[in-house]
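Hi everyone, thanks for coming.

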Amino acid sequence: MIAFAPLLTQRRRPLIAGTLAILAGAALLLWGQAERDAADAMHRQHTIRLTQARAMHQAAREADTTARNGLRQLETLRGAGLLDAPDRQAWQQHLLRLQGKLQLDKLEWELGPFEPTAAEASDPSAGPPSALRVSTLHLKGAIAHEGRLLPLLERPGNSSSGLFLPRRCRLARSQPVPDTADTPTLAADCEIDWIFLRLPDVP
Amino acid sequence: MISTHNLLEASRLRQQADSALTESLAEEARARSLQTTTPRLPLPSDALQADFARLTSLQPFGASLTAFLHRLADALDTLPGVELSALEWSFAPDQLRATAVIELRLPASTVARPDLVQHVVATLHHHTGSPAHGQTTSLPDDQGPLRSPSGQADTDGRPVIRLELPVSAP
């Protein structure tokens with residue numbers, strides 16, 4: 001023990017230096033590992049952000065394409081007059097004129113208000129809410145012959161708005177030979193839809 | 001040695017992370033720029049698509065009844081003595097299908113022309129482009145009325161046939 005003490009005293013500095021070197025090496029190792037872990041975490045985080053940014057850009061591209069297609073569709077509909085609300089007053093005047101001109105005294109008609117189309121009204125949960133609106137003309141009565149019916153099945157003279165769509169029409173001759181050319185012998189019962197796409201009002 | 005490897009690896013990862021961040025920022029900027037220039041639709045795009053598809057599919061049927069009546073009149077002009085006694089037109093928007101059921105009064109002399117019904121059907125097919133269904137093929141003979149299930153006689157004794165014609169969009 002007495003002989004060991006001077007040896008320790010003699011080798012103390014190298015031992016301390018060795019211990020310090022080992023501690024420094026360990027610290028360096030830990031620091032290097034920590035640096036690597038931190039860099040790895042940052043890399044993962046930025047890779048996730050990049051993936052999200054790419055997805056966001058892709059979604060923006062798709063939304064842009066869809067919106068531009070939608071605009072083209074709206075222009076097509078506008079060009080065909082399908083965005084313009086049919087003029088029910090003009091339709092009424094048209095029918096009154098025809099009734100007077102063709103002497104359709106035994107013909108009754110009713111122009112319905114604009115309503116959602118039948119598919120939308122019957123099952124609103126079937127799909128995206130439709131902006132289609134329809135006004136239905138119901139014609140009922142007696143006319144002289146089929147030729148008198150044709151002008152009633154056409155849209156009012158100058159109007160190009162909406163889609164004019166005869167949906168149901170029943171004609172039945174009540175007597176084989178009319179007394180005169182204008183004797184109403186043809187019973188008519190028809191429904192005509194006038195459809196358009198109503199865009200929401202711009203605030 | 002291990003520490004040096006870790007530090008080099010950390011440096012490489014940081015470079016890649018910086019590169020990913022730069023690219024992310026650029027992508028985000030491009031997305032934001034695109035979002036600001038994307039036009040706004042007055043309706044949700046899926047609703048617009050559905051309405052557009054519906055309107056464009058219905059459009060051809062707008063003039064279908066008038067066109068059919070004209071074609072039917074043309075056909076009847078070539079069939080002397082054959083009269084339209086009833087017509088029932090219906091259009092099913094969901095199925096995009098129009099159907100016309102017509103009732104024709106044949107001349108009283110139909111007995112003398114047993115092929116008249118086939119001739120009427122062929123003429124209608126020629127003018128309207130629609131094959132008629134439900135036609136009668138047997139006609140009264142000299143021993144009394146023999147009619148098909150779809151054939152009948154009206155009050156003035158003239159045979160009546162009832163035909164169904166699917167109508168395609170003009």
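So, to start: in what order do the elements of chain B run from the N terminus on? They go α-α-α-β-β-α-β-β, which gives chain B four helices and four strands. Before I go further, please keep in mind that this is a predicted model.

A bit more on chain B. It has 170 residues, and 30% of them are buried. If you take the contacts in chain B with a separation of 6 or more, 61% of them are between residues 24 or more positions apart.

Now over to chain A. Here we have four helices and five strands, and along the sequence the pattern reads α-α-β-β-α-β-α-β-β. Of the 203 residues in chain A, 25% are buried. For contacts in chain A between residues at least 6 apart in sequence, 72% join residues at least 24 apart.

Okay, how do the two chains meet? On one side there are 51 residues of chain B, in contact with 56 residues of chain A. Looking at the chain B side, α1 (2–37), α2 (45–58), α3 (64–77) and β1 (83–92) each supply at least two residues. Which element gives the most? That's α1(B), with 20 residues. And if you sort that side of chain B by class, you get 27 nonpolar, twelve polar and twelve charged residues.

There's also strand pairing across the two chains. Strand β4 of chain A, residues 163–173, pairs with β1(B) in the antiparallel sense, over five bridges. If you want a spot to look for on the screen, find Leu171(A), which stands opposite Leu87(B) in β1(B).

Stay with β4(A) for a moment. It has another partner in its own chain: β4(A) and β5(A) run antiparallel and are joined by ten bridges. In that pairing, Phe164(A) stands opposite Trp194(A) in β5(A). Why do I call β4(A) largely enclosed by the rest of the structure? Because eight of its eleven residues are buried.

The largest one has 59 residues, and the members that touch the most others are Leu163(A) and Leu197(A). Strand β5 of chain A, residues 186–197, brings the largest share of this core, eight residues. Let's zoom in on Leu197(A). Skipping its neighbours within four places in sequence, its contacts in chain A are Leu77(A), Leu82(A), Leu83(A), Ala131(A) and Leu132(A), and from chain B there are Asp51(B) and Leu55(B). Apart from that core lies another one, of nine residues, including Ala39(A), Leu50(A), Ala53(A) and Ala20(B).

Last stop: α3(B). This helix has 14 residues and reaches 20 Å from its first C-alpha to its last, close to the 20 Å expected at 1.5 Å a residue. Which of its residues are buried? Leu65(B), Phe68(B), Leu69(B), Leu72(B), Ala75(B) and Leu76(B). These residues cover an arc of only 125° around the axis, so they sit on the same side of α3(B). And what do they pack against? In chain A, it's α4 (146–149) and β4; in chain B, it's β1, β2 (97–105), α4 (116–128) and β4 (159–167).

That's my tour. Happy to go back to any of it.

Notes
Residues are numbered from 1 along each chain as its sequence is written. Chains are lettered from A and ligands numbered from 1 in the order in which they are written. This is a predicted model: local features need pLDDT of at least 70, side-chain atom pairs count only at pLDDT 80 or more; totals for chains, interfaces and linings use all residues. Two residues are in contact if their C-beta atoms, placed from the backbone, lie within 7 Å. Ala, Val, Leu, Ile, Met, Phe, Trp, Tyr, Cys and Pro count as nonpolar, Asp, Glu, Lys and Arg as charged, and the others, Gly among them, as polar. Two strands pair if DSSP finds at least two bridges between them. A nonpolar core is a set of buried Ala, Val, Leu, Ile, Met, Phe, Trp, Tyr and Cys residues joined through C-beta atoms within 7 Å. A residue is buried if 20 or more other C-beta atoms lie within 10 Å of its own, exposed if 12 or fewer, and partly exposed in between; C-beta atoms are placed from the backbone. The expected span of a helix is 1.5 Å times one less than its number of residues. The arc is that of the directions from the helix axis to the C-beta atoms.
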